[in-house]
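This report describes selected features of one structure, shown below. Please keep the sequence and the coordinates at hand while reading.

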Amino acid sequence: MNYSARKSVGDAIASTEELAEPVTIGVDAYISPEYARAERDRLWRKTWLQAGRVEDIPEIGSYLTYEILDDSILIIRTSADEIKAYYNVCAHRGRRLVDTPPGARNARGKRMRFVCGFHSWTYDLNGRCVYIQDKELWQGALNDENTRLGRVKCDSWGGFIWINMDPDCETLLEYLDPAPELLNPYQLQNMRCRWRKWIIFDCNWKVALEAFDEIYHVPGTHPEFLAFSDFPGWARNHGKHSNIGYDAPRAMDENQQAKLRIGTGDARVSTAEMQIYTWEAANTNTTPTLLNAALRLRDELPEGTPPNEVLQYWLKSAKADDAARGVIWPDVEPAHNAKAGTAWQIFPNTQIGHAVNNMLCYQARPYQYDPNKCIFEAAVYELYPEGEAPESEWQYTKREQWPPVLQQDFANMAAVQLGMKNGGFRGTQPNPYRERAIPSLHYNLSKYMGEGAPRKLPKEG
Ligand code: FES
Ligand SMILES: [Fe+2]
């Protein structure tokens with residue numbers, strides 16, 4: 001594998017501390033068919049993968065499936081407090097046990113028994129095969145062990161279900177460290193989905209994820225947002241994972257919505273305008289409560305109120321509005337917010353954009369073994385009063401039907417993939433401070449894949 005026109009400009013970085021160095025990353029990880037094929041065994045079958053939400057399987061017997069390349073995993077609630085995962089394949093002759101309905105992202109439903117569609121071998125929630133037609137003809141050779149469904153490691157954190165196909169893997173909490181410590185105060189497990197959409201892109205899964213793991217692209221890709229901020233983003237490495245956030249005055253870190261700095265002029269008006277644009281054009285990172293509270297600012301605050309006071313009043317009144325309908329935002333210290341940032345990239349392929357009252361999650365997975373295609377998905381969550389969360393299902397959504405701001409991001413995907421394959425491209429050169437999540441991903445990928453660590457760019461002088 002050597003698609004890079006410039007394979008080695010400097011030493012490969014050898015520790016996470018060196019991720020602050022200017023680096024270049026070769027294109028093999030993005031465009032090589034051999035690399036894409038090797039990811040199955042070295043990456044996808046070795047890492048904890050975010051496979052769904054706990055609330056999607058609320059009752060005993062509720063199940064969903066998660067597909068990653070050739071592997072399909074069946075995840076079942078087996079008791080009020082236990083979720084188990086199995087390989088979704090019948091032990092008899094290998095029929096996939098639960099089919100994904102045509103056009104659906106995954107299967108989801110409720111059953112107390114799983115009957116194979118081929119010869120009716122039947123499994124209980126614990127994966128035991130409880131019915132085998134003509135079992136005696138196997139002359140006693142079939143037993144619980146060779147007829148049960150294969151177990152897959154499964155655990156939950158943050159309201160998400162995670163699976164790992166490596167029987168010798170570290171625990172989920174060890175793997176996620178230090179993300180849980182920094183994200184637990186946001187109580188992500190209490191959020192419920194407002195919408196979730198998926199699409200297939202003509203780009204590698206890393207190209208899709210990397211379009212969302214930095215804020216550096218905002219002026220170039222989303223110029224409309226410049227009316228509200230100049231977007232000084234940072235990115236930090238945390239072992240396998242990374243996070244991003246804003247270099248903003250302390251008071252602005254109080255909430256993710258506050259990440260958009262309120263410009264000059266009437267802050268009451270610009271806050272409302274920013275909220276209207278964010279709600280209508282992105283439908284992410286805000287909620288109806290925040291929007292409505294912003295729309296009232298002009299009536300509730302005198303002209304000339306300083307921006308900081310507008311911001312604090314806005315968040316306080318939105319918080320009170322939510323409390324009045326039984327939606328309690330967790331209290332998170334400003335200093336903690338500043339550390340936790342606005343989004344976490346959980347290795348290898350999940351991003352969680354957290355806030356005290358909403359979250360925006362992305363995931364990208366390979367589409368078959370084609371390095372030039374991926375399945376991309378986005379899900380938006382918020383806090384709802386008990387029992388009032390809407391029913392949501394994954395919707396395959398054509399590009400032109402996504403919120404316009406996301407379409408701006410999508411417009412780069414195939415073009416980046418094409419550019420990566422251009423013989424004149426010398427490898428990526430991410431911003432060492434604002435785009436460090438990218439070398440962080442590739443450094444960690446190299447640990448699993450055995451190649452592709454970012455290399456230092458020589459510095460002049
Ligand atoms: S393959 Fe499942 S019962 Fe035969
Ligand atoms: Fe974007």
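## Terms and basis

Two residues count as in contact if their C-beta atoms, placed from the backbone, lie within 7 Å. Helices (H or I, at least four residues) and strands (E, at least two) are DSSP runs, numbered from the N terminus.

The model is predicted, and local features need pLDDT of at least 70, side-chain atom pairs count only at pLDDT 80 or more, while totals for chains, interfaces and linings use all residues. Residues are numbered from 1 along each chain as its sequence is written, and chains are lettered from A and ligands numbered from 1 in the order in which they are written.

## Helix 13 and Ile31

Val405, Leu406, Gln408, Met413, Gln417 and Met420 are the buried residues of helix 13, which spans residues 404–421; buried requires 20 or more other C-beta atoms within 10 Å of the residue's own, these atoms being placed from the backbone. The cover over these buried residues includes helix 1, strand 12 (192–201), helix 6 (205–210), helix 7 (218–221), helix 8 (267–282) and strand 18 (370–382).

Helix 1 (residues 28–31) contains Ile31, which is buried because 22 other C-beta atoms lie within 10 Å. Between the C-alpha atoms of Ile31 and Lys421, which are 390 residues apart along the chain, the separation is 6.9 Å.

Strand 8 (residues 122–124) runs antiparallel to strand 9 and is joined to it by 2 bridges, and Tyr123 is found opposite Cys129 of strand 9.

Methods:
Pairing = 2+ DSSP bridges. Buried ≥ 20, exposed ≤ 12 C-beta atoms within 10 Å, placed from the backbone.
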